Amino acid sequence: MALLNVLVVPDERLKQVSQPVEQFDSSLRDFIQDLEQTMRAGPGGVGIAAAQVAHFERIVIVDVSSKPNIKHHGCLVLINPEITQWEGMVQGREGCMSVPDYTGNVIRAKSIQLTAYDKFGAKQSYHCEGYEARAIQHEVDHLDGTLFLDRVVSRRTDIFKRKHYQ
Amino acid sequence: MEQQWYMLTVIGKDKPGLVAKVTAALFGIGCNLGETSMIRLGGNFTMMLMVQYDGNIAELNTVITPVTNELLLRCHVDAIDGQLHDHRASDVRISVYGADRTGIVSQVTNALAQAGLDIFDLISDVGGTPQHPVYIMHIEGHAAQGLEVLQNALCTSIEQGIEVHVAPIDTIIG
């Protein structure tokens, strides 16, 4: 296994759109191992997209299992992911290994439905919510060359939860 | 040798073009801007700018004051012991609102300070109508003793009709 070099802004390659994976072979699985190791080496990293290491295939890894008391699917390797449904909106704080020393508020869907292939080429579907759904949306954005910086909203706004809706 | 950082504070009646003119003047004398906060408060425009400048405080004042005078702005310069990349991540957000009255900020922030909150960012505004103003405040910081302690510390404020929401900031690093 090897730690891969993470691209950081303003590297133009972060804006590149990634292409679908077509070969589910051992070299893909070797790369996924390296990608996961790179994600875990980053402080607080809960997700990574292949594009962040200049590998422009549609591969992301998300693992939010270190966060207590949240729903999650463990370590998710999502190849050619397609988000098929979005529900609700919520604002949350995001940072990125490719954008060091900056965090910002981003509005994302509260829950999502998605399909993706696993590392052996089997199609899977998932319903994800909360923190895990946010992490997946952040990583899938990387595959389309979009950074959270492209979606950040003002810190000078906030959303109050209403106690009563009558 | 690295240039000295200064904190430049500029305030005055708001009008279009202030940011462009002040920053153009600073750029024109070779200043490098760092982190800044610029916001309209009560019809005034307020600017706080980290400015890196290859000269002393008197020289910076000499070159910037004519520009701010011409724009009818007041300007103050302090040499600071600061640097970039010194952020601390907030782990809690406290949102507060209620009918405006004297002492909301004092009451809430004192309660939070005693409960171990280190404030990194506070913004407040007065909304509503002139007849029924509403005070709205957002605070972010580090809760050294946890969120429950903060929530408990705000019970008195809540009993007095102030709406308070304490929420964790779980930053995704992806």
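H142(A) is found in helix α2 of chain A, where helices (H or I, at least four residues) and strands (E, at least two) are DSSP runs numbered from the N terminus. The model is a predicted one, in which local features need pLDDT of at least 70 and side-chain atom pairs count only at pLDDT 80 or more, whereas totals for chains, interfaces and linings use all residues. Residues are numbered from 1 along each chain as its sequence is written, chains are lettered from A and ligands numbered from 1 in the order in which they are written, and side-chain values use heavy atoms, with hydrogens and water left out.

The pLDDT (the predictor's confidence in each residue, from 0 to 100) has a mean of 93 for chain A, and 93% of the residues of that chain reach 70 or more. Over residues 161-166 of chain A the pLDDT is below 50, and this stretch has two contacts in the model beyond near neighbours in sequence; contact means heavy atoms within 4.5 Å.

H142(A) is buried, with a relative accessible area of 1%; buried means under 20% relative accessible area, exposed over 50% and partly exposed in between (1.4 Å probe, protein chains only). Leaving aside neighbours within four places in sequence, H142(A) is in contact with Q16(A), A49(A), A51(A), Q52(A), C96(A), L147(A) and G174(B). Of the 14 residues of α2(A), 13 are buried, so the helix is largely enclosed by the rest of the structure. The end C-alpha atoms of α2(A) are 21 Å apart, which agrees with the 20 Å that its 14 residues should span at 1.5 Å a residue; the expected span is 1.5 Å times one less than the number of residues. Just after α2(A), G145(A) takes a positive phi of about 75°.

Helix α2 (residues 130-143) of chain A lies across β4 and β5 of chain A together with β9 of chain B, and runs at about 55° to β4(A). Axes are lines fitted to C-alpha atoms, for helices over the stretch in contact, and angles run from 0 to 180 degrees between N-to-C directions. An open sheet of four strands has the order β8(A)-β5(A)-β4(A)-β9(B), with mixed pairing; two strands pair if DSSP finds at least two bridges between them. The edge strands, each pairing on one side only, are β8 (152-153) of chain A and β9 (172-173) of chain B. Strands β4 (residues 90-96) and β5 (residues 99-108) of chain A pair in the antiparallel sense over six bridges, and C96(A) has V99(A) as its bridge partner in β5(A).

Strand β6(A) pairs antiparallel with β3 (residues 75-87) of chain A over six bridges, and seven bridges join β6(A) to the antiparallel β7 (residues 123-129) of chain A. The hairpin of β6(A) and β7(A) has five residues between the strands, and G121(A) takes a positive phi near 90° there.

Three aromatic pairs are present over all chains; rings of Phe, Tyr and Trp (its six-membered ring) pair if their centres lie within 6.5 Å, with planes under 30 degrees apart counted as stacked, over 60 as edge-to-face and the rest as tilted. The ring centres of F24(A) and Y117(A) are 5.9 Å apart with planes at 50°, so this pair is tilted. F24(A) lies in the segment before α1 (26-41) of chain A and Y117(A) in β6 (residues 111-117) of chain A, so the pair ties together parts 93 residues apart in sequence. Y102(A) and F148(A) form a stacked pair, 6.3 Å centre to centre with 20° between the planes. Y102(A) is partly exposed, with a relative accessible area of 37%, whereas F148(A) is buried at 2%.
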